[in-house]
Amino acid sequence: MDDRFRGLMLDAARLTRSGDLHEATRAIQRALAGSRDFTVPAAARADVLDGLVAVVDPAPADPDGTDEANASPPVREAAPGGSPGPSPDAAPTGSPVRAFVEPPSAPSVDAPADPSPTVEADPARDRGAFLAGSHAHGSTTRDYRLYVPPGAPGRSLPLVVMLHGCTQDPEDFAAGTGMNERAREQGFYVLYPAQSRKANPQGCWNWFKHTHQQPQRGEAGLIASMTRAVIDRHGVDPERVYVAGLSAGGAMAAIVAAGHPGLFAAAGVHSGLAPDAAASLPEALAAMQGGAQAQPSARGVTVRGEPRGRRRAVDVPTIVFHGDADRTVHPRNGEQVVEAVVRGGGPAAGARTERGTADGGRRWTRRVHAAGGDRPQAEHWVVHGAGHAWSGGSPAGSYTDPSGPDATGEMLRFFAEHRLGARRAA
């Protein structure tokens, strides 16, 4: 890291602490643009911070605290106080992959049988319900939205946990990915944990801080605890629970999956990074520029009892989407997520390769790494010409690229191929 880069990062830290996030953003953009290895095109510079990180280290302690306890208090669900977000009845985008469709076994109702929450009013009984609630884990509390498909009571349905990116919220992410529409058609729950703006001013999950990378602790532990609470409260099928995310949410999805392989049957990482890619903001910026390296400052930090400097294996089948024109998170990071799944030290080998063109015109390359021994399956989609956006998403949400292949449908297809019990028996 040269002196100019270090100086700009110190300026960014000072500006962030003073509350001037606009100037802090400009300082970090200047630092990135001046790197010898990574040039941010003018058209993309406005997206650099919005795409992944916004908290600068050193920073005050997380105002919500660091989770120490593993106990999960009951979930609190209630009618949302603000905008109801995207209608579950909106037209779906793309061609849905019928991954979870089952014959209906119960009449449609507005919400799951639960005396405590007040359900968002919905005159159409076949729309399902979009609940709002909050969950506490240790000293940390986060809000969430939960989509409940019609006919859910009495049925053991899958659950997909969706982690939004920076500047997004659950309603925005639901609109852009079209996940609620697919859930209504195919019959599964969708949980959208919401990052607190007190914990990160831009709403980013703090994937780059080591206190949030350890199982059962920090934000990773809270997301896992929230997932378990929803499973218990709503009778979700525990064999079919999945986690996916975009950008900072994609990085956190990889961390949560790596730390809780007995909870998630599969994971989806879109435009994200591998676990242990960084333990501070400078390391995060370096990883975003060209892929994660072992960082000297991270040595001595342990994750799951192992010293950092060697990235953790992801013991969960994982599907990865990444645009090869992404100037916010270098495409090398998508490769490193796959390497963490197949446990390779270099580029993963032995993959089956397919190529095609999406209806919207984007070309894509898909590489499938079959499971072998104790190695889970990995699938890597490279979307040619795509930037930092959800492939095949709807313009109703932010950070979407409608011209790409259908990431939502392909992730659901991949998820439907995996159950926890089948993996344990393999």
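**Entry 1. Strand β6 and its neighbours**

I looked up the bridge partner of Leu-159 in β6 and found Val-241. I worked on a predicted model, in which local features need pLDDT of at least 70 and side-chain atom pairs count only at pLDDT 80 or more, while totals for chains, interfaces and linings use all residues. Residues are numbered from 1 along each chain as its sequence is written, and side-chain values use heavy atoms, with hydrogens and water left out.

Strands here are DSSP runs of E of at least two residues and helices are runs of H or I of at least four, both numbered from the N terminus. Two strands pair if DSSP finds at least two bridges between them. Strand β4 (residues 159-163) runs parallel to β6, and five bridges join them. I then traced β6 to strand β7 (residues 266-270), also parallel and joined by five bridges. In that pairing, Ala-244 has Gly-268 of β7 as its bridge partner.

I next checked burial, where buried means under 20% relative accessible area, exposed over 50% and partly exposed in between (1.4 Å probe, protein chains only). Six of the six residues of β6 (residues 241-246) are buried. In a regular strand the side chains alternate between the two faces of the sheet. In β6, Val-241, Val-243 and Gly-245 point one way, and Tyr-242, Ala-244 and Leu-246 point the other way.

**Entry 2**

I examined strand β2 (residues 129-137), which is largely enclosed by the rest of the structure because nine of its nine residues are buried. Ala-129, Leu-131, Gly-133, His-135 and His-137 point one way, whereas Phe-130, Ala-132, Ser-134 and Ala-136 point the other way. Nine bridges pair β2 with strand β3 (residues 140-148) in the antiparallel sense. The two strands form a hairpin with two residues between them, and Gly-138 in the turn has a positive phi of about 60 degrees.

Which residue stands opposite Arg-145 of β3? I found Ala-132 there. Arg-145 also lies over the face of Phe-130, at 4.1 Å from the ring centre. For this I used the criterion that NZ of Lys or CZ of Arg is within 6 Å of the ring centre and within 35 degrees of the ring normal.

**Entry 3. Nonpolar cores**

I took a nonpolar core as a set of buried Ala, Val, Leu, Ile, Met, Phe, Trp, Tyr and Cys residues joined through side-chain atoms within 4.5 Å. The largest has 56 residues, of which Leu-146, Leu-159, Trp-207 and Met-252 touch the most other members. Helix α7 (residues 248-259) supplies the largest share of this core, nine residues. A second, separate core of 32 residues includes Leu-246, Trp-381, Ala-386 and Leu-420.

I listed the contacts of Met-252 (heavy atoms within 4.5 Å). Not counting residues up to four places away in sequence, Met-252 touches Leu-163, Trp-205, Asn-206, Trp-207, His-212, Glu-219, Ala-220 and Ile-223.

Asn-206 is found in the loop between β5 (189-193) and α6 (218-234). Asn-206 is buried, with a relative accessible area of 0%. Its side chain reaches the backbone oxygen of Ala-199 at 3.4 Å.

**Entry 4. Aromatic pairs**

I counted rings of Phe, Tyr and Trp (its six-membered ring) as paired if their centres lie within 6.5 Å, with planes under 30 degrees apart stacked, over 60 edge-to-face and the rest tilted. The structure holds six such pairs. Trp-207 and Phe-208 are edge-to-face, at 5.5 Å centre to centre and 80 degrees between the planes. Both of these residues are buried.

The pair of Phe-321 and Trp-381 is stacked, because the ring centres are 5.1 Å apart and the planes are at 10 degrees. Phe-321 in strand β10 (residues 318-323) and Trp-381 in strand β13 are 60 residues apart, and the pair links distant parts of the chain. Phe-321 and Trp-381 are both buried. Ring pairs link Phe-321, Trp-364 and Trp-381 into a cluster.

**Entry 5. Ala-378 and the whole chain**

I returned to strand β13 (residues 378-383) for Ala-378, which counts as buried at 0% relative accessibility. Among the residues that Ala-378 touches are Thr-318, Val-338 and Arg-367.

For the chain, I noted eleven helices and 15 strands. Of its 426 residues, 58% count as buried.

How values were computed. Polar contact = N/O pair within 3.5 Å; in protein donor to acceptor, adjacent residues only side chain to side chain.
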